Amino acid sequence: MEIDKNIQIESKQEPEQESIFSREQRQENLIPEELKQETLEQRKISKETNFQVRFSVLNFTLFMLEDVVLPERKEVVLRGGIGDMLLKQYCVRNADCASCDFICSCLVQNFMYAKYKKKPKFVTTGESIGYVLSAEERKTHYREGDYLHFSLTLFGDVIAYLNPVVQTVYLLGQYGIGESRARYQIEKIQNRYGNDILNNNSIYYKNYLIELLSDYIEERKQQLQKNHLETNYRIFFNSPLSIKYQGEFIRKFDIRAILNGITRRIYMLECFEGRECTEKKFLENFPIILKQNIRVFDAQKYSSRTKQYMPLKGISGEIVLDHIEEEMLEYLLAGEITHIGKNTRLGFGKYKIK
């Protein structure tokens, strides 16, 4: 099938025990005054920089031109297709990344495997956290004329690649998705408020919102305060949560594991942005999980890059929490945008608080 690489885009602008926290308070009295001041300064820096992460949400609506059968988790298909199309458009060395002399300036690398400006010591792989992809529809059979929806959230400098992203998703529509390579057209792209970023082949840059996590948190806190009549909170994990706690993947929801995952994620994104900050650690006053419903997810994904199968594990469902401390709530709200845990680029770790 011959692929047209051009899209005409017009730019328009538990028993009671002594807590770790109380022990630390006693120990703090033994710390010299100058060290206390240094600790306070570190906390101040952390407070000032927390959640200063840029993001932009692209909600895609695709119009299917042919019938197709897709897996329930369409993120694997979409991410693989986007990666292949990026290589087709921008690679000049036959996809031989290991020996490529253009790797530092490669658009494919800078989007799919964007580097940290300040790399955390615990990060040992080349995986990027520059974007998350999510397709919540569990429909598998699409007919000609049906719509398929997915979202792409970009972080940090990756936000600058709007045009290459649009061109790539367009090109994937001409090439086709699924085993039958069913073609589609981009019906529209919208921001998270429903305003058109792309419609009728025109990009409206004024609707391409570049936001901060801190602003999103304040917006969501106001929404919860307005609509929250009960003291309990519900968190709906719409996609599998794949997270390790104490060396093992969790098989039931654990609030400590969830909060640890969120604080780690935010810290990684701050490092991705090159900001000076410290990783937040919650030690006490954890909310109690009053109820939880769990669905276990186990599958495998074949990586065309490593030529290996990789396990995909996780749990989805719902938890009910009692009162949440304000700072913990802020981190939980930020996680709605960032996702948490492993495989976030495949849509894992997405949730919503209500």
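## Helix α7

Helix α7 is mostly covered, with 15 of its 18 residues buried. The model described here is predicted. The helix runs over residues 255–272, and at 1.5 Å a residue its 18 residues should span 26 Å; the C-alpha atoms at its ends are 25 Å apart, which agrees.

Both ends of the helix have a feature of their own. At the start of α7, a side-chain oxygen of Asp254 comes to within 2.8 Å of the backbone nitrogen of Arg256. Just after α7, Gly274 adopts a positive phi of about 80 degrees.

## Aromatic pairs

A pair of aromatic rings is described by the distance of the centres and the angle of the planes. In this structure there are 11 aromatic pairs. One of them joins Phe122 and Tyr267: the ring centres are 6.1 Å apart and the planes stand at 40 degrees, so the pair is tilted. This pair links distant parts of the chain, since Phe122 lies in the loop between α4 (107–112) and β4 (131–134) and Tyr267 lies in helix α7, 145 residues apart. Phe122 is partly exposed, with a relative accessible area of 34%, whereas Tyr267, at 19% relative accessibility, counts as buried.

A further pair is formed by Phe282 and Tyr331, whose ring centres are 5.6 Å apart and whose planes are at 90 degrees, so the pair is edge-to-face. Here too, distant parts of the chain are linked: Phe282 belongs to the loop between α7 and β14 (289–303), and Tyr331 to helix α8 (residues 326–338), 49 residues apart. Phe282 and Tyr331 are both buried. Together with Phe51, these two residues form a cluster linked by ring pairs.

## Charges over rings

Phe122 also takes part in a contact with a charged side chain. The charged end of Arg264 sits over the ring of Phe122, at 3.6 Å from its centre. Elsewhere, Lys354 lies over the face of Phe236, 5.4 Å from the ring centre.

## Strand β2 and its partners

With strand β10 (residues 211–212), β2 pairs in the antiparallel sense over 2 bridges. The bridge partner of Phe55 in β10 is Glu211.

## Helix α3

Helix α3 (residues 75–90) has 16 residues, and the distance from its first C-alpha to its last is 22 Å, close to the 22 Å expected at 1.5 Å a residue. Its buried residues are Glu75, Leu78, Arg79, Gly81, Ile82, Gly83, Met85, Leu86 and Gln89. An α-helix has 3.6 residues a turn, so residues three or four places apart point the same way. The buried residues of α3 pack against α4, β4, β6 and α5 (162–175).

## Residues in loops

Asn207 is found in the loop between β9 (202–204) and β10. This residue is buried, with a relative accessible area of 16%. Leaving aside residues up to four places away in sequence, Asn207 touches Asn191, Asn195, Asp196 and Ile197.

Most residues other than glycine have a negative phi. Against that background, Arg181 has a positive phi of about 50 degrees although it is not a glycine. Arg181 is placed in the loop between α5 and β7, and at 42% relative accessibility it counts as partly exposed. Gln246, likewise a residue other than glycine, has a positive phi near 55 degrees. Its place is in the loop between β12 (244–245) and β13 (248–249). Gln246 is exposed, with a relative accessible area of 71%.

Technical notes: Residues are numbered from 1 along each chain as its sequence is written. This is a predicted model: local features need pLDDT of at least 70, side-chain atom pairs count only at pLDDT 80 or more; totals for chains, interfaces and linings use all residues. Side-chain values use heavy atoms; hydrogens and water are left out. Helices (H or I, at least four residues) and strands (E, at least two) are DSSP runs, numbered from the N terminus. The expected span of a helix is 1.5 Å times one less than its number of residues. Buried means under 20% relative accessible area, exposed over 50%, partly exposed in between (1.4 Å probe, protein chains only). A polar contact is a pair of N or O atoms within 3.5 Å; within protein, one must be able to donate a hydrogen and the other to accept it, and residues adjacent in sequence count only if both atoms are side-chain atoms. Rings of Phe, Tyr and Trp (its six-membered ring) pair if their centres lie within 6.5 Å; planes under 30 degrees apart count as stacked, over 60 as edge-to-face and the rest as tilted. A charge sits over a ring if NZ of Lys or CZ of Arg is within 6 Å of the ring centre and within 35 degrees of the ring normal. Two strands pair if DSSP finds at least two bridges between them. Contact means heavy atoms within 4.5 Å.
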